[in-house]
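Here are a few exercises on the spaces in a protein model and on what lines them. Keep the structure open while you work through the steps.

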Amino acid sequence: MEGVYRRVERWIEGPRDARIRRNLGPWTAGKVWRKAMKGGIFLFLAFLNAHVFVAYFIPARELLSVVRGNPADHWTAFLWIMSWTVVLLFDYAWFREQTCLIVCPYGRLQSALIDADTVIIGYDEVRGEPRSKRTDQGGDCIDCFRCVAACPTGIDIRNGLQMECIGCANCVDACDDVMRRIGRPEGLVRYDSERGFRTGRRRGFFRARVALYAVLALAGVGVFGAVSLRRTPFEVRVLRSTGLPYQLDGAVIRNIFTLRIQNKMSERAVFFVRIPEETDESPGVAEAGAAAALPDFTVPQPRLEIDALADVKTPIIAAMPRDRWEGPFPLTVSVADSATGRTRSVRVRFRGP
Ligand code: SF4
Ligand code: SF4
């Protein structure tokens, strides 16, 4: 908001006062082109951001083909991009800091996390009060309301820290400017702790609360690290073909599965599909031995070469004579990555009548 959208707004429509004056005035050619240009740039930025957002969920290559292709062929991605464009445009063009006030939990957390020694943005009451419009009377605050006018969430920092404060420091800059003009020291509104504003002294950085937060943050980093290390470079899923759980073809029971392998690495990789192995529950394992226990498998593509961040689907067909059928049993399908030798196994059930 501050780094991009407001800069664009200031660049096209000028400072806040000029914008307010123009908004209240009649529609002139200058007002129309400024509004149209700002709206166009905001729309473009929202559209761009919507693509970035969607790229969190679908691989970049796929997104590129969505962008180049016909929307009707990728309508889900297309709808997400369009919806997010509208949401982001609404947020940045109109809703703005209300997101911070109404939607974001930061302000509510802030009051629970800080103590009297936390550095915040505040107003030096000792120095500023009593307020007076005259510089030769009262405290340093001349009640000019520049800090309130500069605040994007519209609060008066002189009333103390409030939940709505997003810590942007606009009020600090506005007040420092006033102080320079009237020849008083800067820092009437500044970064300091509650204790610092009251007594002029600040406690050191290392406090029990800070140590506790550091421990919690380290625990968070530790969990993140452990989860990252367990991340697998590829995903394997086996899905039963939709519609029929099995097919009866004369005296043969057939199960058709779809194997989906997703390459999560940034380079092309070769995977090998291993046909299912017997399990203790396979029929006839105990009596007839493993060779007789398993169905016959057809794996049309046991070797698969998959592009970076892409996925492929390939069928696996399992068939066994009906006279050997004794009930459903599990099968394990394994896929090995040829480069690292890592294997992932997935269990499916062979079903019959
Ligand atoms: S830092 Fe100042 S200007 Fe920014 S939100 Fe807080 S009170 Fe308003
Ligand atoms: S900008 Fe400074 S002097 Fe003006 S009202 Fe705010 S605190 Fe007082």
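Helices here are DSSP runs of H or I with at least four residues, numbered from the N terminus. One thing to keep in mind: this is a predicted model.

**Exercise 1.** Explain why the largest pocket lies between domain 1 and domain 2.

*Solution.* First, the space itself comes to about 880 Å³. Of its 28 lining residues, Arg6, Arg16, Arg19, Ala149 and Ala150 are the closest to the centre. Now look at the helices: H2 (16-24) gives the most to this lining, with 5 residues. Then check the domains: domain 1 (5-96) and domain 2 (115-199) both contribute to the lining, so the pocket lies between them. As for class, the lining has 14 charged, 10 nonpolar and 4 polar residues.

**Exercise 2.** Find the element that gives the most to the lining of the second largest pocket.

*Solution.* This pocket has a volume of about 270 Å³. Among the residues closest to its centre are Tyr123, Glu125 and Phe197. Strand E1 (119-123), helix H8 (125-128) and helix H11 (194-199) each supply at least two lining residues, and E1 gives the most, with 4.

Conventions. Residues numbered from 1 in each chain as written. Chains lettered and ligands numbered in written order. Predicted model: local features only at pLDDT ≥ 70, side-chain atom pairs only at ≥ 80, totals over all residues. Heavy atoms only, no water. 1 Å grid on protein atoms, 1.4 Å probe; cavity = no way out; pocket = protein on both sides within 12 Å on 5 of 7 lines; lining within 4 Å. Points joined across faces, edges and corners; volume = space filled by probe spheres on them. Nonpolar A, V, L, I, M, F, W, Y, C, P; charged D, E, K, R; others polar. Domains from an automatic or database assignment.
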